[in-house]
Amino acid sequence: MIALAAITDEFSPDLDRALDGMASVGMTGAELRVIDGRNILELGPAEVDDVRRRIAARGLSIVGIASPLLKCVLPDAPPVDARLQQDVFGAPYTYDDQPRLSERALDIAERMGARVIRVFSYWRTVEPEETMDRVGEALAELAERAARRGLIIGLENEAACNVGTGAETARVLDVVGHPALGVVWDPANATLLGETPYPDGYGALPAGRIVHVHAKDCRVPVQAFTPEWGPIGEMGVDWRGQIAALVRDGYAGWISLETHWRGPRGDKFEASVICGERLAALVGRAG
């Protein structure tokens with residue numbers, strides 16, 4: 001059975017308001033990225049405990065840490081592809097910050113009781129295939145450290161990073177077979193690079209290694225990298241087909257809303273409620 005969650009700051013930077021909105025559309029899970037304007041990795045132990053308490057008080061589970069790990073420039077690599085927007089969400093970190101951040105992410109996930117830590121593959125270069133060996137090495141090292149704590153590293157396909165499509169994700173997974181490395185599958189991200197996420201991108205992935213799914217929807221003009229975000233189910237991603245395929249393939253994890261759309265009146269909270277209701281309806285029909 002697929003359960004629904006959201007990245008909390010997509011509803012509101014105010015955690016309590018976000019949790020109220022999530023509960024109003026029947027979500028039972030929270031994914032953590034930015035809390036009250038600060039990246040989750042910058043919270044101290046007492047603050048982490050307070051966030052966990054507030055979420056538990058609402059009866060929600062913490063399903064993952066949406067960390068910014070490996071969302072930085074890879075040194076001595078081809079130039080970064082300047083055509084793609086680089087969203088940092090309160091996390092303008094560098095390559096040199098990664099050892100500290102990775103240890104912090106592991107500590108926070110363990111303290112929060114979150115199973116999955118989302119990571120990336122360095123900012124996308126003009127020759128992403130040239131970075132794959134180093135990306136694989138970094139992911140394998142993170143997966144080994146996570147496994148020792150009973151955690152999972154989830155590689156998100158991100159258009160602004162070197163692994164952005166389902167096909168690119170599959171190639172990395174072929175090289176890094178560590179059982180603690182899985183996929184955070186984001187169909188909308190794949191569209192920015194010209195891939196049809198379902199059925200093409202999804203079909204390239206080993207379904208059994210998908211550990212989390214992000215939901216948002218967009219259209220992308222031909223030969224452009226700037227998406228038009230909109231309500232889930234009304235834009236360019238075949239969410240009905242994608243969700244049906246997840247159910248068919250036995251996916252039993254979470255689908256986490258990552259709205260991005262600003263809504264009909266520029267109100268992100270309203271947009272997230274609309275998308276949450278649409279996502280719940282799609283999942284309900286597929287189940």
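Predicted model: local features only at pLDDT ≥ 70, side-chain atom pairs only at ≥ 80, totals over all residues.

Modeller: Val 116 belongs to strand S6, which covers residues 116-119, and S7 covers residues 152-156. The two strands run parallel, and four bridges join them. In general, the strands of a sheet pair through backbone hydrogen bonds, and they can do so in a parallel or an antiparallel way.

Now step back from this pair. S6 and S7 are two of eight strands that close into a barrel, and you can trace it in the order S1-S2-S5-S6-S7-S8-S9-S12. The pairing in the barrel is parallel. From one strand to the next, the twist averages 30°.

Next, look at what lies across the strands. Helix H4, residues 98-112, lies across S6 as well as strand S2 (29-32) and strand S5 (61-69). Its direction is at about 180° to that of S5.

There is also a pair of helices to visit. Two packed helices are described by the angle between their axes and the distance between those axes. For helix H2 (residues 15-24) and helix H3 (residues 45-57), the axes come within 10 Å and cross at roughly 25°. Angles under 35 degrees count as roughly parallel, so H2 is roughly parallel to H3. Their crossing is right-handed. On the H2 side, the contact is made by Leu 15, Asp 16 and Leu 19, while H3 brings Val 51, Arg 54 and Ile 55. Sorted by class, this contact has four nonpolar residues, two charged ones and no polar ones.

Finally, here are some backbone details to look up. Most residues other than glycine have a negative phi, and most peptide bonds are trans. Asp 76, in the loop between S5 and H4, has a positive phi near 55°. His 260 also has a positive phi, about 65°, and you will find it in the loop between strand S12 (254-257) and helix H10 (268-286). Are these two residues buried or exposed? Asp 76 is exposed, because its relative accessible area is 81% and the cut-off for exposed is over 50%. His 260 counts as buried, because its relative accessibility is 16% and buried means under 20%. As for the peptide bonds, the one from Tyr 198 to Pro 199 is cis, with omega near 15°. Pro 199 is found in helix H8, residues 197-204.

Key: Residues numbered from 1 in each chain as written. Heavy atoms only, no water. Pairing = 2+ DSSP bridges. Axes fitted to C-alpha atoms, helices over the stretch in contact; angles between N-to-C directions. Contact = heavy atoms within 4.5 Å. Parallel < 35°, antiparallel > 145°, perpendicular 65-115°, else oblique. Left-handed = near helix turned anticlockwise from the far one by under 90°. Nonpolar A, V, L, I, M, F, W, Y, C, P; charged D, E, K, R; others polar. Buried < 20%, exposed > 50% of the residue type's maximum accessible area, 1.4 Å probe, protein only.
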